[in-house]
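Have the viewer open as you read.

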Amino acid sequence: MIEKGKLTEGNIFKALTKLALPIMATSFGQMAYNITDMFWIGKLGSNAVAAVGTAGFFTWFAFSFITISKIGAEVGVAQSIGKDDVLDAKGYIRSSIQLNIIFSILYALSLFIFRDALIGFFDLPESDVILMAKQYLAIIALGIPFYFINPVFTAIFNGSGDSATPFKINIIGLLANIILDPLFIFGLGPIDSLGVKGAAIATVIAQIIVTSLFIYSIKGKIDIFSDINFKKIENSYMKKIIIMGTPPAIQSGLFTFFSMLIARILAGFGAAPIAVQKVGSQIEAISWMTAGGFASALSAFVGQNYGSKKFERIKNGYFIGLLMVGAIGIFATLVLIFGGEIIMKQFFSEKDVIDEGVIYLKILGVSQLFMTIEIATAGAFNGLGRTLPPSLVGIILTGLRVPAALLLSNENILGLNGVWWSISISSILKGVFLMIWFIFILKKFIYPYIQDDNKSIKIQSQE
């Protein structure tokens with residue numbers, strides 16, 4: 001399990017590709033997981049999609065809490081392995097799982113108890129959408145602990161250089177969801193048609209299956225997980241995890257909050273735009289989820305080489321990584337711009353909804369290259385332990401989407417299209433600014449030491 005040579009020695013392109021491909025495939029699996037839900041729910045109508053999309057904001061918001069332990073596990077394990085410190089790696093594993101379980105229980109209780117107020121925040125006009133959203137959220141709340149822990153298990157494996165195991169497990173979860181979705185949504189034999197509630201039940205069962213497989217894969221089989229006493233709480237690791245994970249967690253939470261504000265703006269145009277964005281964002285995941293998977297690979301790569309003080313590999317790995325995610329971004333742009341109508345017809349039957357979906361995908365397609373650059377660069381920052389810069393860029397420019405959407409969506413300017421352009425333009429700016437910042441970090445803190453790999457240094461954890 002701990003084979004530092006996987007990432008700190010040999011051909012960089014091969015090392016990154018070997019680690020990144022299973023992670024990216026896992027991300028494709030997650031995308032397919034979400035699209036499967038939207039495909040079957042779309043058969044119930046745009047109101048059902050709007051309901052799931054509205055409730056889905058709170059599973060999305062959950063990732064802000066998951067991120068704290070996920071980043072701590074991924075970066076902490078990677079840097080510890082780079083230093084050949086197995087005990088340190090186990091400390092990060094233990095503490096990240098403990099923290100994750102605490103957050104998951106608190107969040108699940110909050111969703112279930114306050115579901116009426118949470119859905120009420122969106123001020124949805126249709127009563128049936130409100131009812132379906134509340135039902136969906138109540139069921140999803142029961143599965144939140146499993147939803148929380150699976151990304152952390154994935155991060156631990158990725159940080160240690162094993163991305164194949166999470167891929168296999170998550171694909172099994174996807175297959176389970178593909179089978180269970182139509183079964184519970186439309187019913188079969190003794191199983192009643194449950195509609196939106198059935199989609200929630202299928203999702204929870206699939207998450208439970210994934211968690212069970214992770215536990216089976218870990219227990220007594222992998223050295224890095226052996227002899228870990230989860231009853232022992234170590235404040236030093238908890239503190240490090242929280243310090244590393246809090247900036248991206250705040251960014252993730254605010255990103256969701258800003259998106260909720262955008263959804264309120266969209267609600268003024270009816271349920272159709274909400275449904276369009278929900279489906280469209282899943283299609284757009286071709287780029288942002290695969291780039292996110294690659295960012296995890298780049299984070300592990302940078303983290304291990306940082307721990308081993310191999311700074312030239314960090315520099316070279318970053319630029320090779322940009323080329324790889326750039327290809328993803330360009331491919332996504334072509335798909336969204338030229339394949340929008342074909343895609344939307346798979347999810348909707350209403351012509352006006354399909355037409356609006358095509359416009360949404362074309363506008364968002366413009367920003368795909370820059371969005372992949374932003375996500376990959378954030379992974380490189382995380383590998384260095386510098387989680388603050390990408391968080392600041394993300395918070396500021398994502399926050400500006402709200403006033404931009406309010407301004408541009410005025411009927412005398414761009415109308416509904418103004419909301420879509422506010423999202424696309426901010427993604428372009430985030431990619432450009434973050435890439436410039438990371439290159440500055442490389443020149444200031446990495447380049448001076450490349451010519452002398454034997455020189456012992458300590459890179460500041462923040463500027």
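Helices here are DSSP runs of H or I with at least four residues, numbered from the N terminus. This is a predicted model, where local features need pLDDT of at least 70, side-chain atom pairs count only at pLDDT 80 or more, and totals for chains, interfaces and linings use all residues. Residues are numbered from 1 along each chain as its sequence is written, and side-chain values use heavy atoms, with hydrogens and water left out.

Start with Thr256, which sits in helix H10 (residues 235-267). Thr256 has a relative accessible area of 0%, so it counts as buried (under 20%; exposed is over 50%, with partly exposed in between, using a 1.4 Å probe and protein chains only). Beyond its neighbours within four places in sequence, Thr256 is in contact (heavy atoms within 4.5 Å) with Phe57, Trp60 and Phe61. Phe347 lies 91 residues from Thr256 in sequence, and their C-alpha atoms are 24 Å apart.

Now hop over to Gln368 in helix H15 (residues 368-383). Gln368 is buried because its relative accessibility is 0%. Its side chain reaches the backbone oxygen of Leu364 at 2.6 Å. Leaving out neighbours within four places in sequence, the contacts of Gln368 include Glu284, Ser287 and Gly329.

Finally, head outside. Leu142 belongs to helix H6 (residues 127-142), and Leu142 counts as exposed because its relative accessible area is 61%.

Key. Helices (H or I, at least four residues) and strands (E, at least two) are DSSP runs, numbered from the N terminus. A polar contact is a pair of N or O atoms within 3.5 Å; within protein, one must be able to donate a hydrogen and the other to accept it, and residues adjacent in sequence count only if both atoms are side-chain atoms.
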